[in-house]
Structure formats: structure tokens, C-alpha cells
Amino acid sequence: MHLTFRSLHEDVPGEAWRRVVSHGWPGWSEWFNARRGKLLQSREIDVRRAVRRHMPEYEALWDDLSQVSGADDDLALFLGFWCPPRYLVNCSQAVVIDDDGPFLIRNYDLDPALNEATFLTTGWRGTRVMGMVEAMAGLADGMNEHGLAASLTFGGRIETGRGFGIPLIMRYLLQMCRNVQEGVEALRSVPSHMSYNITLVDASGDWATVFVAPDRPAIVRKQPWATNHQLGVEWPRHGRISNTMGRAEHLGQLLKDRGTDATVLTREFQQEPVFSTNYSQGFGTVYTAAYRPAQRTSELRWRDGTTMHNSFQSSQHDKQVEQRISYSDKGSYAPAASGGLGVTKMPDWFGTFINDVRAPADEEEKLRLAAFWRRNHLGEDHGWLNLTPCSADKTEEDS
């Protein structure tokens with residue numbers, strides 16, 4: 001499996017946004033229309049009412065994004081992301097304060113073919129935001145010009161309700177909030193359709209983890225890590241598959257040690273149990289993202305030491321930066337032919353995996369769309385939770 005990660009920049013919705021849509025909508029539209037069925041027959045007026053009630057500041061941006069992309073009714077509804085089909089990501093994340101200030105790091109764990117592989121820096125509506133694209137208008141992790149950084153993990157609960165998909169909530173929070181306190185209040189006020197854990201840190205060194213859910217108030221914890229449960233493991237099957245408790249215990253012990261800094265965390269996030277190579281079952285580490293709020297910088301990292309750096313002051317904002325990444329049962333690495341950015345010494349196993357890494361771009365697209373098709377049409381697909389229909393929620397607690 002191969003992905004080409006790219007870094008795009010724009011001040012107002014325009015060409016970069018259209019490229020995000022052209023890349024993501026073929027797969028997301030299939031998912032959106034196949035999965036919502038009769039359960040979620042929202043109309044645009046329903047979504048607009050929800051946006052106006054819960055996050056009115058997003059409405060003008062929603063209209064901008066729809067207009068620039070030439071959105072039809074389905075795309076406009078999707079960009080509102082109100083009561084979407086069940087949507088799961090996994091992941092681990094942690095915060096530490098070291099000699100260089102606050103540091104947020106996360107591993108994004110999923111089937112690589114389902115990731116949009118785009119790091120987008122925008123100045124939309126006058127606020128600069130950078131982060132990894134999720135569901136096109138949304139973000140999986142990111143930081144804004146004020147030095148507020150955030151990332152999310154799935155909360156390990158099957159309950160669903162009326163609310164927004166978490167990627168859009170992440171976009172809203174980074175567009176509107178300046179610090180952790182404001183971010184916490186936003187997460188308390190905007191309903192989420194499923195359970196997620198959002199870890200926040202700002203340039204002052206304040207931090208918090210917020211457990212959002214559709215069926216109970218948000219819970220705010222002074223907890224510097226999150227994996228895939230909240231108050232405890234409430235979905236035993238998912239807990240076993242994801243090893244959420246094993247990762248949590250490991251991170252908890254690390255962060256009790258006063259000697260744990262960004263260097264230590266970065267190393268640990270590239271190793272088991274935090275790093276996963278279970279790509280075949282949809283639970284592999286696609287990328288590691290790290291944010292430095294005080295410096296307003298970020299880094300994407302893969303297991304072989306390949307990195308992509310971004311900052312609001314980057315001199316490369318006028319060009320697209322790309323990095324090709326391959327995945328195997330040994331991890332993630334930049335093929336030799338890609339001319340990786342910032343690559344350190346290759347690990348010993350790299351030499352055995354340099355063959356078959358020149359798949360053309362259209363082959364990547366076929367693999368990506370095939371992954372969306374599997375997610376939509378293969379039902380339980382060996383029991384993996386990302387493919388289970390929403391209608392089965394109440395029968396999927398365990399097996």
C-alpha cells in the first residue's frame with residue numbers, strides 16, 4: 001500500500017480546496033450515500049438550522065466551501081456533517097511540557113487507503129489553521145495561529161445521537177478558539193454524534209483532554225494522554241482489537257516520569273505498543289503528527305525517520321510539497337525513488353522492502369476507492385468495527 005502525502009496552502013477557499021474535494025469526494029460520496037440510508041435523510045435546511053444553533057460562525061465558511069467547490073445537494077449536506085453515518089478513527093495522543101514548551105503528538109491509526117493524506121494550511125475567514133484533512137472540510141488534528149493545538153481519538157463507545165461529525169467540530173474549534181479554556185467550552189456546547197477524546201494544548205502550556213459523547217455531558221480531565229476509551233472500556237470487542245488499555249497504561253507510565261520529553265515521546269510513538277502495523281485489519285499507524293504551539297510549527301513523521309515540516313511562516317506556502325509513503329508489516333517508510341524529505345538513516349529492514357514501490361498515481365486512487373467500497377459494502381468484513389452498519393450498533397457490544 002502506498003500513499004502520497006501533500007502539503008497545500010491557501011488564504012481563501014480556492015484551488016487548494018478544490019483539489020481537496022476532487023481527491024476526497026469520490027470516496028466520501030460513496031460512503032455518505034451508501035451508509036446514511038433511511039436513518040439520516042437530512043435536508044440542507046435541517047443542517048443549516050443545526051449549524052446556526054450550535055456553531056453559527058461556521059455557516060458563512062460552509063457557504064464559501066460549497067460555492068467554491070460547486071457543491072450539489074449531497075456535497076453540501078456532507079460539508080455540514082450533521083448526523084453523518086457512524087464514523088470511527090482510532091489513534092493515540094499525548095502532551096508533554098519540556099524545555100522547548102508545550103508539545104502535542106499523536107498517531108493516526110486506520111486503513112491507510114482511507115486517509116486523505118493532505119496537510120492543509122488555510123487563512124479561511126481570517127484565521128490561519130494548519131492540520132491533517134479529515135472528511136475534507138474537517139480535521140483529524142491541527143493547530144491555529146493563536147497556538148491552540150488539538151487532536152482526536154475515538155472514544156470506544158457504540159452510542160450514536162444527533163450531532164456533528166468530530167472532524168467538523170475540530171475545524172470549528174480551531175477556527176474559533178484561542179486557548180484551551182475556549183476550546184473546552186466549544187466542545188461542551190457543540191453536540192457530537194459519537195464519542196471521541198480531544199486533547200488540547202495551547203502556547204501558554206495549559207492542556208486538557210475532553211471526552212465528548214452524544215448521550216452525556218462532556219467530561220474534562222487533566223489527563224495528558226488519550227487512547228480509545230473514556231471512563232473505562234465500554235465496548236470490549238473494540239478494546240481488545242485496538243489494545244486501548246495497553247497503550248493507555250504505557251503512555252500513563254511514560255508521562256509519570258519527569259524525564260519524558262518530546263524526544264522520548266517521539267521515539268515511543270514509533271514503537272509498539274503505541275505504533276501499530278496492523279494495516280490489514282484497518283488498525284495501522286498511517287502517520288505521526290506533532291505540534292509545537294509556542295513555535296507555531298508542526299511535523300509529520302513516519303517510522304523510517306522521514307518527516308515533513310510545516311509552519312505558519314513557511315517559505316514553501318506558494319508550492320505543493322509531496323512525500324510518498326509505503327506501508328508494510330514492518331511499518332511506514334519513504335520509497336527510495338521518492339526522494340523523501342528529512343530522511344534519517346534507513347532502518348535495517350528497509351532494504352527488503354524497496355521493491356514494488358513504483359505504483360502509478362492512478363493505482364493509488366484505485367486502492368483508495370476500493371477501500372471505501374469495502375467499508376461500504378462488505379458488512380462486518382471479518383468483524384472489523386469500521387465497516388459495521390449503523391443499524392447494527394445495538395447488537396455489536398461484544399462477540
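User: In this predicted model, how do the axes of helix α3 and helix α4 cross?

Analyst: The axes of α3 (residues 58-68) and α4 (residues 73-80) come within 10 Å and cross at roughly 145 degrees. The crossing is right-handed.

User: Which residues make the contact, and what is their class?

Analyst: Y58, W62, L65 and S66 of α3 meet A76, L79 and G80 of α4. Five of the residues are nonpolar, two are polar and none is charged.

User: Why is the aromatic pair of W28 and F78 called tilted?

Analyst: The ring planes of W28 and F78 are 45 degrees apart. Stacked needs under 30 degrees and edge-to-face over 60, so the rest, this angle included, count as tilted. The centres lie 5.6 Å apart, and the limit for a pair is 6.5 Å.

User: What makes this pair a tie between parts of the chain?

Analyst: W28 lies in helix α1 (residues 15-36) and F78 in helix α4, so the pair joins parts 50 residues apart in sequence.

User: Why do W28 and F78 count as buried?

Analyst: Buried means under 20% relative accessible area. W28 has 1% and F78 has 1%, so both are buried.

User: Why is the pair of Y279 and Y327 called edge-to-face?

Analyst: The planes of Y279 and Y327 are 65 degrees apart, and over 60 counts as edge-to-face. Y279 is in the loop between β12 and β13, and Y327 is in strand β16.

User: How do you know that K222 sits over the ring of W207?

Analyst: K222 lies over the face of W207, at 4.3 Å from the ring centre, where the limit is 6 Å.

Terms used
Residues numbered from 1 in each chain as written. Predicted model: local features only at pLDDT ≥ 70, side-chain atom pairs only at ≥ 80, totals over all residues. Heavy atoms only, no water. Axes fitted to C-alpha atoms, helices over the stretch in contact; angles between N-to-C directions. Helix = DSSP H or I, 4+ residues; strand = E, 2+ residues; numbered from the N terminus. Left-handed = near helix turned anticlockwise from the far one by under 90°. Contact = heavy atoms within 4.5 Å. Nonpolar A, V, L, I, M, F, W, Y, C, P; charged D, E, K, R; others polar. Phe/Tyr/Trp six-rings, centres within 6.5 Å; stacked < 30°, edge-to-face > 60°. Buried < 20%, exposed > 50% of the residue type's maximum accessible area, 1.4 Å probe, protein only. Lys NZ or Arg CZ within 6 Å of the ring centre and 35° of its normal.
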